[in-house]
Amino acid sequence: MGRRGRSGVLAAAVAVVCAVTVLGAPGVAFAGARPEPSPSDSPTSSPSASPSPSVTLAPDKDLEAVRAKLDKLYHDAAVATDAYNAAEEKAKKQSAEIVDLARKIVAEQQKLDGLKDRAGAAARQQYRTGGLPPEAQLMLSDDPQTFLDGAGRVLQGERATKALIEETARIQRDLKEYADDAADRWRKLEANRKAKAAAKKRIEQRVEEAEKLQSRLEKRQQERLAQLEQQAADRAQTEWLDTGILKDVKGSASEAGAKAVKFATAQLGKPYEWGAQGPRTYDCSGLTSQAWAAAGHPIPRTSQEQWRQLKHVDVKDMRPGDLIIYFDDASHVAMYVGDGAIIHAPRPGRTVTVAGAGTMPILGVVRPDAG
């Protein structure tokens with residue numbers, strides 16, 4: 001690649017950032033490395049002219065703009081991933097409910113068929129006795145004892161007939177209720193399938209945008225971008241530690257918490273994949289939910305539901321195995337493992353790793369095995 005091509009790579013990446021208008025007000029420009037004129041452009045150039053200096057890296061402010069854009073894209077992807085996972089969980093639940101309702105409908109229909117058979121048998125019996133009702137047959141009897149015995153049977157028969165009619169009506173009501181409930185579940189299932197499809201599309205779009213943006217950077221620029229990301233994480237962790245928070249964090253892991261930490265530790269190095277729950281790949285809440293399932297405490301699938309349903313504890317009271325929820329929208333979750341560190345599945349293109357607990361904005365802490 002020539003000097004002009006190399007020096008313009010980051011400028012092109014920044015142009016993408018500006019085009020989506022998420023990093024600043026209209027009119028804000030980002031300076032790129034200015035291409036130097038090539039020897040062929042100079043009237044005084046000659047083959048013996050000394051080579052021009054190598055192209056220097058673009059200013060960090062340009063890479064910071066790219067980093068901010070990438071953070072935004074991956075955060076949007078994380079939010080969409082949580083929506084996808086939530087829709088997936090609801091769809092699974094609704095599918096199971098529909099299957100259960102179908103079983104109930106079959107069972108009730110079989111009962112109804114049995115009642116119809118009994119009613120048919122009674123009608124056939126009446127036909128064989130000449131069509132006379134039992135009361136008339138008793139009145140024609142010459143044997144008083146037979147009359148009395150028959151009267152008792154008639155009463156029993158009337159009660160049985162009444163019960164048969166009532167049971168038939170009840171089953172018919174149940175069948176209608178089950179059918180209506182199943183239809184409602186189908187409507188909700190279809191809505192969740194559409195929500196899942198929309199979330200999937202959004203995830204793929206955001207990840208593709210991020211990958212395209214990164215692909216515009218040269219290798220040295222990508223390395224410098226990684227350095228800036230690490231520096232930002234280190235600064236955030238240092239600021240968090242400087243609050244003195246760890247002086248109050250002294251809790252030790254519960255038995256279940258220790259099992260969850262052990263599971264999470266065994267997944268280190270495995271790739272992030274949105275919507276994944278292992279065993280080869282994970283997203284953030286897939287990792288934490290599977291870790292606690294392995295510890296014998298099943299928890300909600302998504303980070304937002306983990307935040308909503310699990311017991312909240314103060315940061316100063318957290319212990320290894322607890323889950324730290326990040327960002328105001330609860331779109332990311334990690335497992336606290338002690339000494340100010342977490343294990344988490346960060347984002348696409350990364351692997352399950354250890355990081356500082358304060359490297360991202362903490363929303364709060366939840367405890368899966370509280371109580």
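Which residues of the largest nonpolar core touch the most other members? They are Ala260, Trp292, Leu323, Met335 and Val352, out of 22 residues.

## Basis

This is a predicted model: local features need pLDDT of at least 70, side-chain atom pairs count only at pLDDT 80 or more, and totals for chains, interfaces and linings use all residues. Residues are numbered from 1 along each chain as its sequence is written, and side-chain values use heavy atoms, with hydrogens and water left out.

## Nonpolar cores

A nonpolar core is a set of buried Ala, Val, Leu, Ile, Met, Phe, Trp, Tyr and Cys residues joined through side-chain atoms within 4.5 Å. Buried means under 20% relative accessible area (1.4 Å probe, protein chains only). Helices (H or I, at least four residues) and strands (E, at least two) are DSSP runs, numbered from the N terminus.

Valine 352 has contacts (heavy atoms within 4.5 Å) beyond four places in sequence; among them are Leu268, Tyr282, Leu287, Ile343 and Pro346.

## Strand S2 and its partners

Strand S2 (residues 323–326) is covered on both faces. Leu323 and Ile325 are buried on one side, Ile324 and Tyr326 on the other. S2 pairs with strand S3 (residues 332–338) in the antiparallel sense over 4 bridges; pairing requires at least two DSSP bridges between two strands. Leucine 323 stands opposite methionine 335 in S3. The two strands form a hairpin with 5 residues between them. In the turn, phenylalanine 327 has a positive phi of about 70°.

S2 also runs antiparallel to strand S6 (residues 362–367), again with 4 bridges. Here tyrosine 326 faces isoleucine 362.

## Second largest cavity

The structure holds 2 cavities of 30 Å³ or more. A cavity is a set of points on a 1 Å grid over the protein atoms alone where a 1.4 Å probe fits but cannot get out; lining residues have an atom within 4 Å of a point.

H3 gives the most, with 4. The lining includes Asp82, Tyr272, Cys284 and Ser331.

## Glutamine 237

Glutamine 237 lies in helix H6 (residues 219–242). This residue is buried, with a relative accessible area of 13%. Beyond four places in sequence, glutamine 237 touches Gly340, Gly356, Ala357, Gly358 and Thr359.

Conventions: On a 1 Å grid over the protein atoms alone, a cavity is a set of points where a 1.4 Å probe fits but cannot get out, and a pocket is an open set with protein on both sides within 12 Å along at least five of seven lines; lining residues have an atom within 4 Å of a point. Grid points are joined across faces, edges and corners, and a volume is the space filled by probe spheres set on the points. Buried means under 20% relative accessible area, exposed over 50%, partly exposed in between (1.4 Å probe, protein chains only).
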